[in-house]
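Morning, everyone. Please have the sequence and the structure open while I talk.

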Amino acid sequence: MIAVICPIHNNPASVAAQIKNYASVHGDSAVHILHPSIESGNTFEGFARNYRFDCPVLTCNNRLPTNYYTALGAAISATTLLDANLGEITHVYYHTDSDLLVQRGFTELIKMHDNGYRSKIGDERWHPYKAMLQDPRFKKLRDALEIGEDDIRIGRIEGCFFDIAVWKEMFAVIGKYFETETLEDKTSRWPMEACLFPTLARKLLQRDHASTTNLILTKPPQKRDIGKKIRDHDANIVQVDDIVRAIKKNVHKQCFGMKWFSPDLEHPSRKFVAQMI
């Protein structure tokens, strides 16, 4: 069974629609673990009962701090819940609450490749690079694991997946150096997952890329740059034309999804996906 971990915010109907989209593809082969952000003020109490999903849905009671830059606390909390309650998990898939699957084969793709993530060499062109190097927690981790600056890898993490043994080993390391009490510190205001996941996976697996695949999720072309909150602009959300182009590019017909769907459940792109899946 695959554990699908997702940090969520304050739109239960949109989150429910996302889970139903995924469940229509993976059936009973996955369980969803949700971490409601503290900032939302919504605990999502009774969420699974109210929407009657066709797959197990669990909600983290131990909510940890997250912010616009990172949701590492959500992944830590969800992993603790996973360890405490689930004994049949083979893989972990990590995503956020703005995406939908567009083509089938989710379970098959993950089981075929075991690990899929984006990994590229990090340098100062990555805007959080300086904050990353200055984080004392990351320095202690690097020193302990003998990870030099040339060994640091970065990559977008929405749509990544890992074999459960790799995931647990990564979070054993993360938990040792990134104590939950420090997640509200100013040092936490950088996208920690986007560095920790590919850097640790590379170290543990002893290779740059863990498999022949990459992320399951893609994103539409950025149509307008409005600074840090690019995805909040209507011009940058997924449109039907974006989906059609992505399908045409998917020559191997493997499962994929797209991020930055509108929260409007009546948006044409959502209706288009519902007709296809």
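**A walk through the model**

Let's begin with Phe162: its relative accessibility is 0%, so Phe162 counts as buried. Keep in mind that this is a predicted model.

Now its partner. Phe162 forms an aromatic pair with Trp167. Is Trp167 buried or exposed? Trp167 is buried, because its relative accessibility is 0%, and the cut-off for buried is under 20%.

Phe138 and Trp190 form a tilted pair. Their centres are 6.1 Å apart, with 55 degrees between the planes. Why give two numbers each time? A pair of aromatic rings is described by the distance of the centres and the angle of the planes.

Phe138 is buried, because its relative accessible area is 1%. Trp190 also comes out at 1%, so Trp190 counts as buried.

Stay with Phe138 for a moment. What does Phe138 touch, once residues up to four places away in sequence are set aside? The list is Met132, Ile152, Phe178, Cys195 and Leu196. Now compare that with Glu181. Phe138 and Glu181 are 43 residues apart along the chain, and their C-alpha atoms are separated by 15 Å.

**Out to the surface**

Next, Met112. You will find Met112 in helix H4, residues 106-113. Is Met112 buried or exposed? Met112 has a relative accessible area of 62%, so Met112 is exposed; the cut-off for exposed is over 50%. From Met112 to Gly159 is 47 residues in sequence and 15 Å in space, C-alpha to C-alpha.

Move on to Asp114. Asp114 sits in the loop between H4 and strand E6 (120-121). Asp114 is not a glycine, yet its phi is positive, about 70 degrees. Its relative accessibility is 30%, so Asp114 is partly exposed.

Which other residue has a positive phi without being a glycine? Look at Trp260, with phi near 75 degrees. Trp260 is in the loop between strand E10 (257-258) and helix H10 (268-276). Trp260 is buried, because its relative accessible area is 8%.

One more residue: Thr218. Thr218 belongs to strand E9, residues 217-218. Thr218 counts as partly exposed, because its relative accessibility is 30%. Leave aside neighbours within four places in sequence. Thr218 is then in contact with Arg156, Phe256, Gly257, Met258 and Lys259. Thr218 and Glu158 are 60 residues apart in sequence. In space, they are 8.5 Å apart, C-alpha to C-alpha.

**The whole chain**

Now zoom out. The chain has 10 helices and 10 strands. Its C-alpha atoms fill a box of roughly 50 × 40 × 35 Å, taken along the principal axes.

What would a compact globule of 277 residues have as its radius of gyration? The value would be near 19 Å, and the chain has 18 Å, so the two agree.

How much of the chain is buried? Of the 277 residues, 54% count as buried. What about contacts? Residues 24 or more positions apart account for 81% of them.

Then the surface. The chain exposes about 13,400 Å². Carbon and sulfur atoms supply 48% of that area.

Last, the charges. There are 36 positive and 34 negative charges. How far apart are their mean positions? They are 4 Å apart.

Note on methods. Residues numbered from 1 in each chain as written. Predicted model: local features only at pLDDT ≥ 70, side-chain atom pairs only at ≥ 80, totals over all residues. Heavy atoms only, no water. Phe/Tyr/Trp six-rings, centres within 6.5 Å; stacked < 30°, edge-to-face > 60°. Buried < 20%, exposed > 50% of the residue type's maximum accessible area, 1.4 Å probe, protein only. Helix = DSSP H or I, 4+ residues; strand = E, 2+ residues; numbered from the N terminus. Rg over C-alpha atoms; globule rule 2.2 N^0.38 Å. Contact = heavy atoms within 4.5 Å. Areas by Shrake-Rupley, 256 points an atom, 1.4 Å probe, with all protein chains shown as cover. Lys, Arg positive; Asp, Glu negative; His and termini not counted. Charge placed at Lys NZ, Arg CZ, Asp CG, Glu CD.
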